[in-house]
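Student: I would like to learn how to read this model feature by feature. Could we begin with how burial is judged?

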Amino acid sequence: MTRFTSERVAAYTALGALGLLAGLALGRVEPVALAAPFLLAVVASALLGEKPEVSIRLELDRETALEGDDIVVLAEVSSRRAVARCELLLELPPELELEGSPVRALRLPAGEPQTVEFVLRCERWGAFRLGPLLLRTPDELGFRSWEGSGGSPQALRVYPREETLRSLVAPLETQVFAGNQVSRVRGEGIEFADLREWQPGDRVRRINWRASALRRSLWVNEQHPERNADVILFLDSFAEVRAGGRSTHDNAVRAAATLARRYLERRDRVGLIGFGGSLSWLLPQTGLRQHYAIVDVLLRSDIVHSYAQRGVDVLPPRTLPPKALVLALTPLLDDRSVTTLLDLRGRGYDLVVIEVSPLEAAAPAPGDPLELAYRLWRLSREAMRWQFEQIGVPVVSWRESAPLAAPLEEVSAFRHFARPA
Amino acid sequence: MAYGGAIAVALVRARFDRWLLVPGAAAGGLLLLAALVTGKRLLGVALALGGATFVAGAAGSGRSVDATAPLVAVLLLLCGELAGWSFDARLRIRADPGLGWRRAAATALLALVGLGVATLVVALSAAPPGHGLAWTAIGAAAAVAVAALGVTLARR
C-alpha cells in the first residue's frame, strides 16, 4: 500500500512555520498563538493513520448473465486493526453500470468482517474481469491515507440477449447427415415429394397402391429426406456506426448469437467467421458445446480498424465447406467486406446478406448541411444492394427497433420469387 | 462562517482600519476562489492572509497581547478543516452515516485541544522573561521536547 499525505498537512506546516517566524520577527505572541493549533494538527496527522492490514474477498453471485440482468458483487472486507474509514472503489468497464455511487465508505472494527454489496446492471454483452477493488483508508481527519488494492479479480461473462425466431432461412443445399431440414433432393424421408414408376430395388413399402391401381403398373412414392445443413455466420467487424451507446456491431453480435442457437437446435452445423481488422473463425460443428464456443468468440469480437487488404483467400478452406449457407451480418460500410461477399457468391456459396442498418444512427437532423451527403450515401448503398440482388443474393435490412424475424421472412420471400441459379 | 468570524475579530480589534479591509477582503476572496474553483491549492494562502490581517490588527491596536488570538487561531483551523471536509465531500461516496459524526467529533476535539494549546501559548507569554531557574528549565525542556517530537515525526 502507498501512503499519501493531504495538501492540508503541507499547508498547515507552512502556516505553523510562518507563525513562529513572524512571532520571532515581530516579538509578539499572536502569530505563535495562531500557529499553535496548526502545528498541533500536523502532529496529529503524524500520529494518526497507521498502515492498515485489510484483506478483501470478492465474490459474484453468478459468473454468467444476460444483457440487462443485474449482478451482485459482494466484497468481504476485514482488518486486524480497527480502521476509522475504509473507502472501496469498484472500477467498472463502461458496459457495466453500477447502481448508486461506485465508492463505498465504511468503518472496519478490528477482526469483524464487513460485507459491501455492489449491484451492477449488465448494459452490454462482453467478457469482463471485475476487480481488484481499489482501497483507500484515510485517518479520522483525512490528513493521511493509505491506498492500495485487494480482492482477486472475478470473471464475468455477459451473453447477448437473443431474439425470438419462429422460422429460419432454409439453405438451398443440405449436407449428407441427418437433420431437421427437408432436403430438396429425393430419397428416404417423411415429406412426400413425387411419384415415379417402380424400379428394381425399390422397397415394397414405398409402393403407392392407389396410384398403381389407377395406372395398372407399380408406382412408388418419393420423399424428401431430412438432412442437416452447414451454416456459416459471417460477422463483419471492419467498421461500425455507434450512437447513443448502441452500435451496429452490438446488434450484429446479438443476431449472430440468436441465429447460432436456433440453427444448432435444428442439428445443423454452424461455423463462424469474424471478418475484420482481426480475423477469427470457428469450424462448423454441431451441439451445445459449439454454441458456447461461438458465443465466447462473439464476446471477444470487437471492431479493430485496419488498412490490410483482406479477402476470402485469407480464410482457412475448412471454414467454408461446400454447399454451406453463408449468413453475412454486416453494416455494409467497408468495401473489403462487400468485395469478399461478392467473391463468396461468385464461388457458388448460398449467400444471404443481413444488413445491420447504420442509417438511423447516422441520420443527420432535418436542415443539417450533411443531409445532402447523407442522401448521396443512401443512394450509393442502394446501388450496392442492387449489385448483390443482380447476382441473386438477398440483401435485407435489419433495424434495431424491428424483430430479427422480419428480415429473415423477407429473405424467404425473396427466395420464393427469385430462386438463384 | 469560521473564517468570517476570524476576520471580523481582526477588524473589530483594529477598529475597521481601512488598510486592514484590503487584506481581509482579499483573504475572503481567496477562500471563496479556493472553495469554488481551485480546490485545496489556495486554502493555505487564504488562511495565511487571514492570520496576517489579525496580527496586523493586533499590532496596530497598541495592546501588548491580544487575548482573542486563541479564538481566532481555532476559527482559522476550523475554517481549514471544514473546507478540507467539504472538498472531500465533493466526491460521490456512499458512506455509513456514523462516519460523518466521527469526523465531526474528531474535528471538534482537534479544535478544542488547539484552543487549549493556543491559550497556553498566550498565557505563557505573560510569564516574566529571564526570571527564575524554574522557567528556564521548563523552557529548555520544552525546546528539547519539540525537537524530539520533530525528529520522531520525521522518522514516521
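Tutor: A residue is called buried if 20 or more other C-beta atoms lie within 10 Å of its own, exposed if 12 or fewer do, and partly exposed in between. Please keep in mind throughout that this is a predicted model.

Student: Where does Gly148(A) lie, and is Gly148(A) buried or partly exposed?

Tutor: Gly148(A) belongs to strand β11 of chain A, which covers residues 144–150. Because Gly148(A) has 17 C-beta neighbours inside 10 Å, it counts as partly exposed.

Student: Which residues is Gly148(A) in contact with, leaving aside its neighbours within four places in sequence?

Tutor: With those neighbours set aside, the contacts of Gly148(A) are Met1(A), Thr2(A) and Leu135(A).

Student: How should I read the overall form of chain A?

Tutor: Along its principal axes, the C-alpha trace of chain A spans about 135 × 55 × 35 Å. Chain A contains nine helices and 24 strands, and buried residues make up 39% of its 421 residues. Of the contacts in chain A with a separation of 6 or more, 72% are between residues 24 or more positions apart.

Student: How many helices and strands are there in chain B, and in what order do its elements run?

Tutor: Chain B has six helices and one strand, and from the N terminus on its elements run α-α-α-α-β-α-α. Buried residues make up 33% of the 156 residues in chain B, while residues 24 or more positions apart account for 74% of its contacts with a separation of 6 or more.

Student: What should I look at where the two chains meet?

Tutor: In general, the size of an interface is often given as the accessible area lost when the parts come together. Here the description is by residues: 39 residues of chain A are in contact with 46 residues of chain B. On the side of chain A that touches chain B, the elements giving two or more residues are α1 (7–26), α2, β5 (83–89) and β7 (103–108) of chain A, and α2(A) gives the most, with 13 residues. By class, the residues on this side of chain A divide into 25 nonpolar, five polar and nine charged.

Student: At what angle do the axes of α2(A) and helix α4 of chain B cross, and which residues make the contact?

Tutor: The axes of helix α2 (residues 30–47) of chain A and helix α4 (residues 69–89) of chain B come within 8 Å and cross at roughly 40 degrees. The two helices, α2(A) and α4(B), are therefore oblique to each other, and α2(A) passes α4(B) in a right-handed crossing. Among the residues that make the contact are Leu34(A), Pro37(A) and Phe38(A) of α2(A), together with Val72(B), Leu76(B) and Leu77(B) of α4(B). By class, this contact of α2(A) with α4(B) has 13 nonpolar, no polar and one charged residues.

Student: How does α2(A) pack with helix α5 of chain B?

Tutor: The axes of α2(A) and helix α5 (residues 97–124) of chain B are 8 Å apart, and the helices pack at an angle of about 135 degrees, which makes α2(A) oblique to α5(B). The crossing of α2(A) and α5(B) is right-handed. The residues in contact include Val32(A), Leu40(A) and Ala44(A) of α2(A), with Leu110(B), Gly114(B) and Val121(B) among those of α5(B). By class, the contact of α2(A) with α5(B) has 13 nonpolar, one polar and no charged residues.

Student: What should I look for in the backbone angles?

Tutor: Most residues other than glycine have a negative phi. Arg267(A), although not a glycine, has a positive phi of about 70 degrees; Arg267(A) is found in the loop between α4 (248–265) and β20 (269–276) of chain A, and is partly exposed, with 17 other C-beta atoms within 10 Å. Leu332(A) is not a glycine either, and has a positive phi of about 55 degrees.

Student: Where is Leu332(A) placed, and is Leu332(A) buried or exposed?

Tutor: Leu332(A) sits in the loop between β22 (325–330) and α6 (335–346) of chain A, and because Leu332(A) has 23 C-beta neighbours inside 10 Å, it counts as buried.

Technical notes: Residues are numbered from 1 along each chain as its sequence is written. Chains are lettered from A and ligands numbered from 1 in the order in which they are written. This is a predicted model: local features need pLDDT of at least 70, side-chain atom pairs count only at pLDDT 80 or more; totals for chains, interfaces and linings use all residues. Helices (H or I, at least four residues) and strands (E, at least two) are DSSP runs, numbered from the N terminus. Two residues are in contact if their C-beta atoms, placed from the backbone, lie within 7 Å. Axes are lines fitted to C-alpha atoms, for helices over the stretch in contact, and angles run from 0 to 180 degrees between N-to-C directions. Angles under 35 degrees count as roughly parallel, over 145 as roughly antiparallel, 65 to 115 as roughly perpendicular and the rest as oblique. A crossing is left-handed if the near helix is turned anticlockwise from the far one by less than a right angle, and right-handed if clockwise. Ala, Val, Leu, Ile, Met, Phe, Trp, Tyr, Cys and Pro count as nonpolar, Asp, Glu, Lys and Arg as charged, and the others, Gly among them, as polar.
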